[in-house]
Amino acid sequence: MQGAPLPVRLYRASANLIAPLAYRQVRAKLGAHGISGQRLRERQGHATVARPEGRLLWFHAASVGESLSVLRLIEAMGAQLPDTSFLITSGTATSAEVLARRLPPRTQHQFAPLDAHRYLRRFLAHWRPDAAVFVESELWPQMLMETRATGAPLALVNARLSEGSARNWRRFGATARFLLGHFALIHCQDRRTESHFHALGLAQAQAGVNLKSLAGPLPVDSSELAEFRASVGERPLWLAASTHPGEEEIVLDAHRTVLDTHAEALLLLVPRHPERAGGVAKLVEEAGLTCARRSEGAAITPETQVYLADTLGEMGLWYAAAPITCLCGSFTPVGGHNPFEPAQAGTALLHGPLYANFEETYPEMAKAGAAREAPDAARLARHILHLLEKPEDLARLQEAGHAFALAREDALGDIAGDLSKALGLG
């Protein structure tokens, strides 16, 4: 802790003091999602699997999106480093469930230890990582300090700083330089973030591409896809993906307008968090629409107007099935979700006006004719109706989105090589 700025020292003391309380809260939250008691202890640094022999590279991410964004990077590094195994840690139950189905070869998942020194030291003593990679903004001060103290080099990937975040970092410049100075390499999503880090005196920051653009297509169960398509038949279909509170009302309003022209149209509604499905189903009912819930095994009938896909891990199926997708998290200040996933699936992409997490990507897609913005329910309905009635425009939007996503593929090997070099692995 010698040389740490005062805010870091204060944080460290507080975090260590409240660690038992933090663990009780996390334990309750994970337990409510069905995580076993044994795996809950991973949050205290207790390993539940053995460390593999040989060199180990640790990746730490926050939740589902960040975890999935590095899977192909791990695959690329695994191909370059055949003698290396990988550990990926995250903090949410959803991320654990999704990752369990998609881990690359020689890769294991554990829940991340809380940011308390005794938990971290227990974790590090077992896993002994040869290097560590942190994803986006998942920066826990003690985790950085304790890991670097073992001698393991660190890197930060997919970093992004908004103007507001950059101002906050500048206010605490010494703290920023201390924490971020632990990284041998800071891979940035864009040049603006690179310039913000350089202004803080962090010369190791370099611009690249958003890792989420390189994640590749989501998995699709071909039999489930065929079954769903058969149940829908020739009905006009559109998808509202990853909706948040306040957005279901918008998409349901748009769907009512679509139904005025296409009475047989079907809305495929996928809430970001399936546990909200009961409330979402009530909103559908209040909107005067009929609903079938996937989690209940309900069949799609000619009378079904909304199919509520309230399950986990099937987004690839829905992107593949729907000719038109409205990617939500963009009508309320959530920041937007990854547009590359639907684009890679070949579905036409619509979105709302709020996308701070991808504030460079969406304008680039619009310029390339790969996405269209809808500020409200009325414009969303107009876009959907136009695409349903103009199949040539629908095909152009689908093709442009797919081409936009594929254009990023070549960057993956370069990022893997840069990381290996910075971390002394290759």
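Q: In which element is the place of Pro-20?

A: Pro-20 sits in helix α1; helices here are DSSP runs of H or I with at least four residues, strands are runs of E with at least two, and both are numbered from the N terminus. A word on the source: this is a predicted model, where local features need pLDDT of at least 70 and side-chain atom pairs count only at pLDDT 80 or more, while totals for chains, interfaces and linings use all residues. Residues are numbered from 1 along each chain as its sequence is written, and side-chain values use heavy atoms, with hydrogens and water left out.

Q: Is Pro-20 buried or exposed, or partly exposed?

A: Buried means under 20% relative accessible area, exposed means over 50%, and partly exposed lies in between, using a 1.4 Å probe and protein chains only. Pro-20 counts as partly exposed because its relative accessibility is 33%.

Q: Where is the place of Gly-34, and is Gly-34 buried or exposed?

A: Gly-34 is found in the loop between α1 (6-32) and α2 (37-40). It counts as exposed because its relative accessibility is 62%. From Gly-34 to Asp-83 the C-alpha separation is 35 Å, and the two are 49 residues apart in sequence.

Q: What can we say about Ala-62 and its contacts?

A: Start with its place: Ala-62 lies in the loop between β1 (55-60) and α3 (64-69). Ala-62 has a relative accessible area of 22%, so it is partly exposed. Leaving aside neighbours within four places in sequence, Ala-62 is in contact with Ser-90, Gly-91, Thr-92 and Glu-138.

Q: At what angle do helix α4 and helix α19 pack?

A: For such angles, axes are lines fitted to C-alpha atoms, for helices over the stretch in contact, and the angle runs from 0 to 180 degrees between N-to-C directions. Helix α4 (residues 71-80) and helix α19 (residues 411-422) pack at about 65°, and their axes are 9 Å apart. On the α4 side the contact involves Arg-72, Leu-73, Ala-76, Met-77 and Gln-80, which meet Leu-412, Gly-413, Ile-415, Ala-416, Gly-417, Leu-419 and Ser-420 in α19. Sorting by class, Ala, Val, Leu, Ile, Met, Phe, Trp, Tyr, Cys and Pro count as nonpolar, Asp, Glu, Lys and Arg as charged, and the others, Gly among them, as polar. The contact of α4 with α19 then divides into seven nonpolar, four polar and one charged.

Q: How do α6 and α7 cross?

A: Angles under 35 degrees count as roughly parallel, over 145 as roughly antiparallel, 65 to 115 as roughly perpendicular, and the rest as oblique. The axes of α6 (residues 117-127) and α7 (residues 141-149) come within 10 Å and cross at roughly 40°, and α6 and α7 are therefore oblique to each other. His-117, Leu-120, Arg-121 and Leu-124 of α6 make the contact with Gln-142, Met-143, Glu-146 and Thr-147 of α7. By class, that contact of α6 with α7 has three nonpolar, three polar and two charged residues.

Q: Which handedness has the crossing of α12 and α13?

A: A crossing is left-handed if the near helix is turned anticlockwise from the far one by less than a right angle, and right-handed if clockwise. The crossing of α12 and α13 is right-handed. Glu-248, Glu-249 and Leu-252 of α12 make the contact with Val-280, Leu-283 and Val-284 of α13.

Q: Which residues have the most contacts inside the largest nonpolar core?

A: In soluble globular proteins, nonpolar side chains tend to be buried together. A nonpolar core is a set of buried Ala, Val, Leu, Ile, Met, Phe, Trp, Tyr and Cys residues joined through side-chain atoms within 4.5 Å. The largest one has 35 residues, and those with the most contacts inside it are Trp-238, Leu-252, Leu-269, Leu-350 and Leu-380.

Note on methods. Contact means heavy atoms within 4.5 Å.
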